[in-house]
Amino acid sequence: MQRQTVTILGATGSIGGSTLDVLSRHPERFEIYALTARRQIGKLADLCRRCGPRYAVVESPADAEELQTLLAGLPVTVLCGPESLAYVASAPEVTTVMAAIVGAAGLEPCLAAARAGKRVLLANKEALVMAGDLFMSAIRDSGAVLLPIDSEHNAVFQSLPDSFDYGLQHCGVRKIVLTASGGPFRHFPLERLCDVTPDQACAHPNWVMGRKISVDSATMMNKGLEVIEASWLFGVGAERIEVLIHPESVIHSMVEYYDGSVIAQLGNPDMRTPIAHALAYPDRIVSGVSSLDLVKQAKLSFEEPDLRRFPCLGLAYAALHGGGCAPTVLNAANEEAVAAFLEGGLRYSEIASVVEDCLASVTGGVAEDVSTVLAVDGAAREFARAAIVRYGRKTAT
Ligand code: NAD
Ligand code: MG
């Protein structure tokens with residue numbers, strides 16, 4: 001067993017917290033190199049006192065100064081800004097990077113870790129959706145090891161043969177089935193969806209997560225992003241990726257083989273399972289997750305997703321079919337729309353409308369390099385913000 005030196009990008013978030021919990025159970029295996037957060041200075045200072053990283057990274061110089069004051073006397077170097085995120089993701093001492101920043105902000109540090117040949121534990125699905133081709137090329141070229149943290153993709157990975165090498169050609173796979181809980185609005189009256197509040201949308205029945213992914217789970221854009229994520233991670237087209245609603249969130253996803261065998265991964269819905277799996281892979285370690293009690297569970301049920309209720313899922317499939325930078329446009333528009341919804345500036349049902357308008361109007365092009373991707377991301381955000389203002393005016397009149 002080789003000791004790993006770990007950077008956690010997004011340490012103050014939901015995935016960051018679960019990762020720290022698993023790491024704390026295995027001090028002999030893991031050492032923490034860097035913890036990063038956007039703002040949450042008080043929380044990051046507490047984590048630094050508890051875990052003793054060598055580096056802490058925040059967004060702004062002012063926050064860095066405040067954090068430095070809070071950590072006076074401790075041997076933690078405080079840094080700030082995007083270059084510092086890339087530095088702690090790629091420093092030679094680091095073996096393992098947990099990529100758990102939410103949204104497009106995670107792209108560049110994720111790429112830095114991939115290019116530096118790290119063991120990359122990918123939670124930040126938006127990075128792969130925005131720039132899948134570039135990201136997967138960086139992984140292949142550097143010989144990095146990419147392990148999925150998203151519970152569905154981790155389940156698929158666990159259900160594939162050991163010979164899997166980022167492509168399903170030789171694995172005998174007929175299709176991948178991603179399960180989805182259906183979120184809090186699975187049976188909510190369709191005509192009342194326009195009036196749901198951010199707190200209602202964030203009240204996920206099975207998982208406790210950050211607010212952005214919680215809204216994405218309610219709209220099922222999360223599953224749409226995951227379909228795109230799966231197509232890059234497993235090298236498979238949209239036609240072989242199916243989505244199935246499974247409200248109990250016990251089966252985390254499945255792989256169907258040509259001979260009719262279906263292999264699934266099951267467990268309690270707790271992100272510490274995929275995190276522990278990826279941290280220790282190919283070993284197995286204790287994660288703190290309790291045993292699955294199928295007798296108590298008694299029933300597992302399944303439904304087909306209704307695209308009228310979940311238009312974002314259809315939009316994600318359309319973006320994947322569109323190819324090029326269409327998924328970048330989808331992701332950027334969704335991030336802007338969800339942020340506006342969480343701030344009270346857009347109705348829930350208008351999230352899908354903003355994304356649809358944006359996909360129809362912003363041309364994706366080919367993702368040749370990071371600057372092309374970031375330019376498309378910027379153009380899509382600008383269009384989406386203008387659309388959000390238009391929808392806001394319509395609501396006011
Ligand atoms: P969260 O909102 O709880 O935490 C996000 C983290 O990213 C925080 O530490 C925050 O400080 C940091 N961050 C946010 N914006 C930033 C910026 N501009 N620059 C630098 N850092 C920034 O989110 P989460 O629920 O932990 O999700 C993190 C990622 O993992 C997302 O991409 C999400 O889709 C994915 N994911 C989460 C879960 C889950 O159960 N929470 C499951 C699967 C995948
Ligand atoms: Mg998931």
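1. Which polar backbone atom lies 3.4 Å from an oxygen atom of ligand 1? That atom belongs to Gly10. The backbone also reaches ligand 1 at Ala123, where an N or O atom is 3.4 Å from a ligand oxygen, and at Gly210, where the corresponding distance is 2.9 Å. Each of these is a pair of N or O atoms within 3.5 Å, the limit for a polar contact; within protein, one atom must also be able to donate a hydrogen and the other to accept it, and residues adjacent in sequence count only if both atoms are side-chain atoms.

2. Some ground rules before going on. This is a predicted model, in which local features need pLDDT of at least 70 and side-chain atom pairs count only at pLDDT 80 or more, while totals for chains, interfaces and linings use all residues. Residues are numbered from 1 along each chain as its sequence is written, chains are lettered from A and ligands numbered from 1 in the order in which they are written, and side-chain values use heavy atoms, with hydrogens and water left out.

3. Back to the ligand site. Around ligand 1 there are 23 residues, the closest being Thr12, Ser14, Arg38, Glu126 and Gly210; a residue is near the ligand if one of its heavy atoms lies within 4 Å of it. The shell is made up of eleven nonpolar, seven polar and five charged residues.

4. The protein makes contact through the backbone at Gly210, 2.9 Å from a ligand oxygen. Ligand 1 taken alone exposes 830 Å², of which the protein buries 89% (Shrake-Rupley areas with a 1.4 Å probe; for residues, only the protein chains shown count as cover). Helix 1 (14-24) and helix 6 (125-142) are the elements that give two or more residues to the shell. Helices here are DSSP runs of H or I with at least four residues, and strands are runs of E with at least two, numbered from the N terminus.

5. Now the domains, whose bounds come from an automatic or database domain assignment. The chain is divided into domain 1 (4-148), domain 2 (150-322) and domain 3 (323-397). Domain 1 and domain 2 each supply at least three residues to the shell around ligand 1. Their C-alpha centres are 24 Å apart, and 32 residues of domain 1 are in contact (heavy atoms within 4.5 Å) with 30 residues of domain 2.

6. Helix 9 (residues 211-219) deserves a look: seven of its nine residues are buried, which means under 20% relative accessible area, with exposed being over 50% and partly exposed in between (1.4 Å probe, protein chains only). The buried ones are Lys212, Ser214, Val215, Asp216, Ser217, Ala218 and Thr219. Their cover includes helix 6, helix 8 (198-202), helix 10, helix 13 (311-322), helix 14 (326-342) and helix 15 (350-361).

7. Asn222 is buried because its relative accessible area is 6%. Leaving aside residues up to four places away in sequence, Asn222 touches Lys125, Ile213, Asp216 and Ser217. With Lys125 there is also a side-chain to side-chain polar contact of 2.5 Å.

8. Arg240 sits in the loop between helix 10 and strand 9 (241-245). Arg240 has 25% relative accessibility, so it counts as partly exposed. A polar atom of the Arg240 side chain is 2.6 Å from the backbone oxygen of Val173. Besides Val173, Arg240 touches Leu168, Arg174, Lys175, Ile176 and Tyr258, not counting residues up to four places away in sequence.

9. The peptide bond from Tyr281 to Pro282 is cis, with omega near 5°, and Pro282 lies in the loop between helix 11 (272-280) and helix 12 (294-297). Ser249, in the loop between strand 9 and strand 10 (251-257), has a positive phi near 50° and is buried at 6% relative accessible area. Ala298, between helix 12 and helix 13, has a positive phi of about 60° and is exposed at 67% relative accessibility.

Definitions and conventions:
Nonpolar A, V, L, I, M, F, W, Y, C, P; charged D, E, K, R; others polar.
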